[in-house]
Amino acid sequence: MTTAIEQTLETYGIENWGAGYFGINRKGNLVVHPSESDQNRAADVREIIDDLRRRGIQAPVLLRFPQLIAGQVRKLQRAFRNSIREYEYQGSHMCVYPMKVNQNRAVVEEYLREGSRYLPMIGLRVKLYSKGSGRWEKSGGEAAKFGLTTTEILETIRRVQGAGRVDMLKLLHFHIGSQLTDIKRIKNAMKEAARVYAKIVQMKVPVDLLDVGGGMAVDYDGSKTAFDSSANYTAQEFANDVVYTIMQVCDDENVPHPTIIQESGRYLSAYHAILVTNVISEIETVVEDITPIEVDDDDDPQVVIELADLRETITVKNYREFYHDALEHRDEMFTLFNLGLITLEDRAKGEVLFWDVCERADKHAQQAKYVSEEFTELRRLLRAKYLTNFSVFRSVPDHWALDQLFPIIPIHRLNKPPTEYATLCDITCDSDGVVDKFVDLHDVKQVLELHSLVEDEPYYIALMLVGAYQEVMGNNHNLFGAPNEAHVHIDDDGYLIKKVVKGSTVGEALNRARYEPGQLHEGFRRIVAQRVKRGDLSEAEAAGMVELYESRINAYTYLAVNGEQEEKRRRR
Ligand SMILES: *Cc1c(COP(=O)(O)O)cnc(C)c1O
């Protein structure tokens, strides 16, 4: 059993991207720890979901673990404290929370509890020549949208001096972009900014705060590289480089060490929220054999006979050639069909046989040491599509917009190895509503290992590290609203659900599209009443319809896990 769990830990890379917050318990369920150093306390995510279900709160549900925010804040503060002590840096360090990352009250309140505040008078943002790295590289450099150029800074200082208020200039700031994947770029920016800072101090401007912006990256894929979804540094390395670089430049320029202000948003917020939802069913791509195909050499068209022959004789030695033959036969079959030369039944038979050959070819291809491009493509075609109860546009918009990767993992059955390869389709009617790129240590995975679906048993998966930007960027595409939300405290007994926030109802979603639910309701009643008058409906039928209508308007915008729950929700 232990080995099976160890194997799934590796499959999903939890220890690579989890920063010590996530694990698997003996039941094979995903657990959350309040901090890296507190592995004894653990909240079982499956238990939380079952508990919420009993309270009528169904998936998708965003689970918030505020302790993870505090955990990240402490981790960062510890890293800077260490660097400051080690280098005998003369200034201090403090964090400012950049609200744009996540304005949710529960998140902000956690920061207020954990952090302290400090308000400078006037701060200047400089436009650095140095750029970041990764997807948000354009936020820095000469072409950046924000920040004062060198001439503008000099002009500002001159004006403030002219007004006799130079004492108000307290802070110098820069921010070269989010998810800075490469520590080298960060060091370069620090060098440049510290130099600007020192030169300004030498002009008798009393700035003593250097605000180094945000941008600390989250290692979403756990690869510890400069890849877009990763970071090639730890919090300690980041702190060391920031503190040491600023100190070196200031010593060189003979100016005091400034207080370092830092505005990390993503790094602090990302871990604390996970979206748990259920897979509804599998969408079939491959044409499956419903009844066993019988090919008749006398009756069936030649093309069908040939495909059947390929299926019977394909081996590990000839699979490549036979796969190519099958592609040719399939094209030929469609041509014959379009010319009216074969029947619909012939075509159906041919399709089933074709996909059978593909599946066999795929099995052989995957045994090979190097899988060629065309068979990688075939695997992509053959993989399962898991229809999943969420909206990509609402819950992981950065995956849709920027191909950003988020770790995804089942929350249960983790003591058994996954047997399927799948991609996820959401329930919006938009073909972009898919997740088909997954985190991997060495590459980007095109398919995710998941378990096979069991009828009448829910299968839950969690989209991890969605606490930064996703909630605030998420949109109402296809009228899917905010998911249900639960705030969970991890304690010695497991967990405590501190608060539940209900997600959007259908009525609220319609209201956002400027429909007035009251008016809609009235309209519906009127139509039903007319039908009763005409004798098309009985009074009882009419009442039932109105009740059903009301329950729909008040229902969650996502799919009910099953009818029973829908019923419960309706009665409340
Ligand atoms: C966005 C932003 C941040 C936060 O960036 P993260 O990548 O989330 O750390 C900090 N400061 C400024 C000025 C920003 O615009």
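User: Is Asp298 buried or exposed, and what is the relative accessible area behind that label?

Analyst: Asp298 is exposed, because its relative accessible area is 73%. The classes are buried (under 20% relative accessible area), exposed (over 50%) and partly exposed in between, with a 1.4 Å probe and protein chains only. This is a predicted model in which local features need pLDDT of at least 70 and side-chain atom pairs count only at pLDDT 80 or more, while totals for chains, interfaces and linings use all residues. Residues are numbered from 1 along each chain as its sequence is written, and side-chain values use heavy atoms, leaving out hydrogens and water.

User: Where is Asp298 found?

Analyst: Helices (H or I, at least four residues) and strands (E, at least two) are DSSP runs numbered from the N terminus. Asp298 lies in the loop between strand S10 (273-283) and H10.

User: Which residues form the negative surface patch?

Analyst: A patch takes residues with over 30% relative accessible area and no salt bridge, joining like charges within 9 Å and nonpolar side chains (Val, Leu, Ile, Met, Phe, Trp, Tyr) within 5 Å. A salt bridge is a side-chain nitrogen of Lys or Arg within 4 Å of a carboxyl oxygen of Asp or Glu. Here the negative patch includes Glu294, Asp298, Glu306 and Glu332. H11 supplies its largest share, three residues. Helix H10 (302-313) and helix H11 (319-338) each give at least two residues.

User: What does the side chain of Asn389 reach?

Analyst: A polar contact is a pair of N or O atoms within 3.5 Å; within protein, one must be able to donate a hydrogen and the other to accept it, and residues adjacent in sequence count only if both atoms are side-chain atoms. The Asn389 side chain reaches the backbone oxygen of Leu559 at 2.8 Å. Asn389 sits in the loop between strand S11 (384-388) and helix H14 (392-395), and it counts as buried because its relative accessibility is 0%.

User: How should I read backbone angles?

Analyst: Most residues other than glycine have a negative phi, and most peptide bonds are trans. In this model, Glu88 has a positive phi, near 55°; Glu88 is in the loop between helix H4 (66-87) and strand S5 (93-95) and is exposed at 59% relative accessibility. Leu479 also has a positive phi, near 60°, and is partly exposed at 34%.

User: Which residues does the cis peptide bond join?

Analyst: The cis bond joins Ala59 and Pro60, with omega about 0°. Pro60 is in the loop between helix H3 (45-54) and strand S4 (61-64).

How values were computed:
Areas by Shrake-Rupley, 256 points an atom, 1.4 Å probe, with all protein chains shown as cover. Lys, Arg positive; Asp, Glu negative; His and termini not counted. Charge placed at Lys NZ, Arg CZ, Asp CG, Glu CD.
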